[in-house]
Amino acid sequence: MYNIAVIGGGCMGLASALEIQKLLKNNVQVTIFAEKFTPDTTSDIAAGLWEPYLLGETEPENLIRWGKGTYDYLTQLWQEGKAKEAGICLQPCINLNEEASEETPVWLPITLGYSKLTPGHLKSLNEQYKWNFNVGYSFITFTWEGAIFLPYLMKIFSENGGKTVQRRIEHFNELSNYDVIVNCTGLASRDLLNDLDVTPIRGQIRRVKAPWQYSSFLIDHKNEGSCYIIANTHSVVLGGTKQKSFDTTLSDADSDRFLNHLNRFIPSLKDAEVVKNVVGLRPYRSKVRLEEEFLKTPDGKTLKVVHNYGHGGSGLSLSVGCGQHAAELVVKMLRVDKNKL
Ligand SMILES: Cc1cc2nc3c(=O)[nH]c(=O)nc-3n(C[C@H](O)[C@H](O)[C@H](O)COP(=O)(O)OP(=O)(O)OC[C@H]3O[C@@H](n4cnc5c(N)ncnc54)[C@H](O)[C@@H]3O)c2cc1C
C-alpha cells in the first residue's frame with residue numbers, strides 16, 4: 001500500500017487526490033493536508049467559467065491537454081445526470097474585444113460548439129449594444145461554482161477512503177514518511193518554496209441573483225480593461241479585476257468600474273439582488289508548474305515531490321486535466337528506486 005500526501009484542499013489538491021485514487025485503486029492511501037478547506041479556499045471564490053485565462057507562457061500543448069481533461073470530465077458528469085450535484089451548467093459564452101489584434105485562442109476547438117464572429121455579427125452587436133467590438137468568438141462551455149464542486153469532490157474522495165487533515169505544513173520534511181508528496185498550495189508556494197515567480201493577481205467580483213441570465217459574456221474594453229458576466233447555477237458573477245496585488249480588501253472604485261460597463265451591456269442586472277462581493281488572489285506564474293522534483297531533507301533522506309501550482313485565472317478550468325497529469329507523475333515517481341537516488 002502506497003502512502004501519498006497531497007498538500008492543498010483547493011480544486012488542484014482535490015482533483016489530484018481523486019485522480020491518484022483512480023489510478024492506484026486499492027493500492028493507495030491518500031491524505032490531504034490543508035490549512036483551509038472549502039468554503040475557505042481561493043477555488044471557492046472563482047467565477048466558475050471553463051476558459052483558460054491568465055496562464056502566462058504555459059505551453060499550448062499542456063494548456064490543451066489539461067483544459068480538455070477537465071472539459072471532458074465535466075461533459076461526462078453532465079451526461080451522467082450529475083450536473084445538479086456538482087453544480088455544473090452547460091451554456092453559451094461570447095467573448096468580445098475592441099482590439100482588432102486579438103487572436104483566436106488555441107483551446108477553442110476543445111469546446112462543444114464554437115465560431116468566430118463574422119463582421120456582420122459584430123456589426124449587429126455593436127449596433128445593439130452601442131459598443132465598438134472588432135473581434136469576437138462564441139463557444140459552448142461549462143460554468144460551475146467551486147463552492148458546490150469542491151464539496152462534491154470531497155465527498156467522492158472520502159467515499160474512496162481518502163483522509164483529510166486540517167494543518168498548515170511549514171516544510172515538506174514534515175511529510176518525509178510519505179512515498180510521494182503532491183504540492184497543490186497555489187499562491188502559498190511562493191513562501192513554501194521561495195518561488196517568487198508565483199504572484200497574486202487580485203480579482204474582485206460581485207455575485208447577484210439573476211435567474212434569467214443563462215449565458216456568459218467576456219468583454220475586453222480598449223481603455224477601461226475587461227469585465228464579465230458569468231452565469232452560475234445559483235447566482236451570476238459580475239466582474240472583475242486583474243491587478244498585481246496582495247490586497248484582499250473590497251474596493252468600491254473597482255466594483256463601480258465594472259458595474260458601469262456591465263449595466264450598460266445588460267441593464268436588467270443593475271437591480272439584481274446582491275448576494276456578496278468578494279476578493280481573491282489568483283496564483284499567477286509565468287507558466288504553470290506541473291513537474292516532479294527530488295528534495296533532500298537535512299538528515300539526508302530523499303523526498304519525492306510532484307508540484308502542481310501556479311494556475312492563474314484557470315485553476316478550475318485545468319483542475320481535472322492537471323490532476324490526471326499529476327497522478328501519472330506520482331506513479332512514475334513511485335517506480336523510482338529510492339536507494340539509487
Ligand atoms: C475572482 C476570481 C475569479 C476566478 N475565476 C475563475 C474562473 O472563472 N475559472 C477558473 O478556472 N479559475 C478562476 N479563478 C482562478 C482559480 O480560483 C485559481 O486558479 C484556483 O483556485 C487555484 O486553485 P489551487 O487549488 O491551486 O489553490 P487554492 O484554491 O488557493 O488552494 C490552495 C490550498 O492549499 C492550502 N495551503 C496553502 N499553503 C499551505 C500550507 N503551507 N500548508 C497546508 N495547506 C496549505 C490552502 O489552505 C488551500 O487549501 C478565479 C480566481 C479569482 C480570485
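Modeller: One term before we start: a polar contact here is a pair of N or O atoms within 3.5 Å, and within protein one must be able to donate a hydrogen and the other to accept it. Also, this is a predicted model.

Colleague: Is Arg 282 buried or exposed?
Modeller: Buried, because its relative accessibility is 12% and the cut-off for buried is under 20%.

Colleague: What does Arg 282 touch, leaving out residues up to four places away in sequence?
Modeller: Quite a list, including Tyr 53, Leu 54, Pro 200, Ile 201, Arg 202, Tyr 228, Lys 242 and Gly 313.

Colleague: What does UniProt say about Arg 282?
Modeller: An unreviewed UniProt entry gives Arg 282 the feature "binding site". That feature is also placed by the unreviewed entry at Thr 42, Ser 43, Ala 47, Gly 48, Leu 49 and Thr 185.

Colleague: Let's take Thr 42 from that list, then. Where is Thr 42 found?
Modeller: In helix H2, residues 42-45. Thr 42 has a relative accessible area of 42%, so it counts as partly exposed.

Colleague: And Leu 49, buried or exposed?
Modeller: Buried, since Leu 49 has a relative accessibility of 11%. Leu 49 lies in the loop between H2 and H3.

Colleague: Which residues is Leu 49 in contact with, neighbours within four places in sequence aside?
Modeller: Among them are Cys 93, Phe 142, Trp 144, Leu 218, Ile 230 and Ser 317.

Colleague: Switching to H3: how far apart are its end C-alpha atoms?
Modeller: They are 28 Å apart. H3 has 20 residues, 60-79, so at 1.5 Å a residue it should span 28 Å, which agrees.

Colleague: Which residues of H3 are buried?
Modeller: The buried ones include Trp 66, Tyr 71, Tyr 73, Leu 74 and Leu 77, along with Gly 67 and Gly 69.

Colleague: What comes up just after H3?
Modeller: Gly 81, which takes a positive phi of about 80°.

Colleague: Last one: where does Lys 304 lie?
Modeller: In strand E15, residues 302-309. Lys 304 is buried, because its relative accessible area is 6%.

Colleague: And what does the side chain of Lys 304 reach?
Modeller: The backbone oxygen of Met 333, at 2.8 Å.

Notes:
Residues numbered from 1 in each chain as written. Predicted model: local features only at pLDDT ≥ 70, side-chain atom pairs only at ≥ 80, totals over all residues. Heavy atoms only, no water. Helix = DSSP H or I, 4+ residues; strand = E, 2+ residues; numbered from the N terminus. Expected span 1.5 Å × (residues − 1). Buried < 20%, exposed > 50% of the residue type's maximum accessible area, 1.4 Å probe, protein only. UniProt positions renumbered as here; feature names shortened; annotations may be inferred. Contact = heavy atoms within 4.5 Å.
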